[in-house]
Structure formats: C-alpha cells, structure tokens
Amino acid sequence: MTQRVYSVVLLLCLGLMCPLVTGIFMDKLASKKLCADDDCVYTISLARAEEDYNAPDCRFINIKKGQLIYVYSKLVKEKDSGEFWAGSVYGEQYEDHMGTVGYFPSSLVSEQHVYQEANKTVPTTVRNLQKPMFCE
C-alpha cells in the first residue's frame, strides 16, 4: 500500500513538472525600451485609457476605457511594429488584473502626468515563457 502511494505521488510530481519544461517561444515586440532606471521598475507616467483593449496574449494587459495605468517602460518602435508601453492598471479597489504588468498600445491611452523622464535605453530580452493556463 505504501509503495502504491509513493508511486502515485511520484507520478503526480512528474506530471506537475512537465509544464515547467515545455515553454513557448514568443517573438520580441522590440529590441530596446525606454525606462527611468536600468531595471524599469520606477513609474514613468500615469496614463488614462481612451478605449477598451483586449489582450491578444499573456504579454499584454486588458484595459477598460477610463482606467488609469502606471507606465514603467516604452518600447522603442521598430519598422512595421506598433508602439507599445508596459504598465499596470491602477485601481482603488481590488481588481483581478490590478498589479499585473503587461503591454498595451500607446495609441489607446493619453498621458495624464509624467513623473520622470524615460531617458535610459535598455535592451529587451527574449525568454521561453511558461504559458499560463488562463492564456490560450
């Protein structure tokens, strides 16, 4: 009986580890980004969404018209690409996506307040990202 329990636990553990091994490759949106600091953790500005936006994949965030968004970096536009910023939705009460950082089109927001200049050019990186269950 004990050996059977160990076998089941071992199989469950191996099954849970498989998603960690199999990642997905996502194309880079840009090679460089503009930030206020080398790690892109300080807020550059506060923007207000002028339109709703539904995220096409896990790298992006959903925004609703009127929401405020903290902006942390601005991707440097490259040929044939849109202009995207990275940020998180601001809210006074708990929301499912509040605090999640992701990209959104800069054309859908208007900057309300600039906290500091984004004068650091930082290279972006490509990673194999684990595909979360909610992102298909």
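Biologist: How many aromatic pairs are there?
Modeller: The count comes to four aromatic pairs; keep in mind that this is a predicted model. In one of them, the ring centres of phenylalanine 60 and tyrosine 103 are 6.3 Å apart with the planes at 65°, so that pair is edge-to-face.

Biologist: Where do phenylalanine 60 and tyrosine 103 lie?
Modeller: Phenylalanine 60 is in the loop between strand S3 (45–49) and strand S4 (68–75), while tyrosine 103 is in strand S6 (residues 101–105), so the pair ties together parts 43 residues apart in sequence.

Biologist: Is phenylalanine 60 buried or exposed?
Modeller: Buried, with a relative accessible area of 9%. Tyrosine 103 is buried as well, at 19%.

Biologist: And what about tryptophan 85 and phenylalanine 104?
Modeller: Their ring centres are 6.4 Å apart and the planes are at 80°, so this pair is edge-to-face. Tryptophan 85 is in strand S5 (residues 84–90) and phenylalanine 104 in strand S6, 19 residues apart. Both are buried.

Biologist: What sits over the ring of tryptophan 85?
Modeller: The charged end of lysine 74, at 4.4 Å from the ring centre.

Biologist: Switching topic: which cysteines form a disulfide?
Modeller: Cysteine 35 and cysteine 40, with their sulfur atoms 1.9 Å apart. A search of the whole structure finds one disulfide. The link is right-handed, with 75° about the S-S bond, and both cysteines are buried.

Biologist: What's the mean pLDDT of the chain?
Modeller: It's 77, and 65% of the residues reach 70 or more. Over residues 8–12, though, pLDDT stays under 50.

Technical notes. Residues are numbered from 1 along each chain as its sequence is written. This is a predicted model: local features need pLDDT of at least 70, side-chain atom pairs count only at pLDDT 80 or more; totals for chains, interfaces and linings use all residues. Side-chain values use heavy atoms; hydrogens and water are left out. pLDDT is the predictor's confidence in each residue, from 0 to 100. Contact means heavy atoms within 4.5 Å. A disulfide is a pair of cysteine sulfur atoms within 2.5 Å. Buried means under 20% relative accessible area, exposed over 50%, partly exposed in between (1.4 Å probe, protein chains only). Rings of Phe, Tyr and Trp (its six-membered ring) pair if their centres lie within 6.5 Å; planes under 30 degrees apart count as stacked, over 60 as edge-to-face and the rest as tilted. Helices (H or I, at least four residues) and strands (E, at least two) are DSSP runs, numbered from the N terminus. A charge sits over a ring if NZ of Lys or CZ of Arg is within 6 Å of the ring centre and within 35 degrees of the ring normal.
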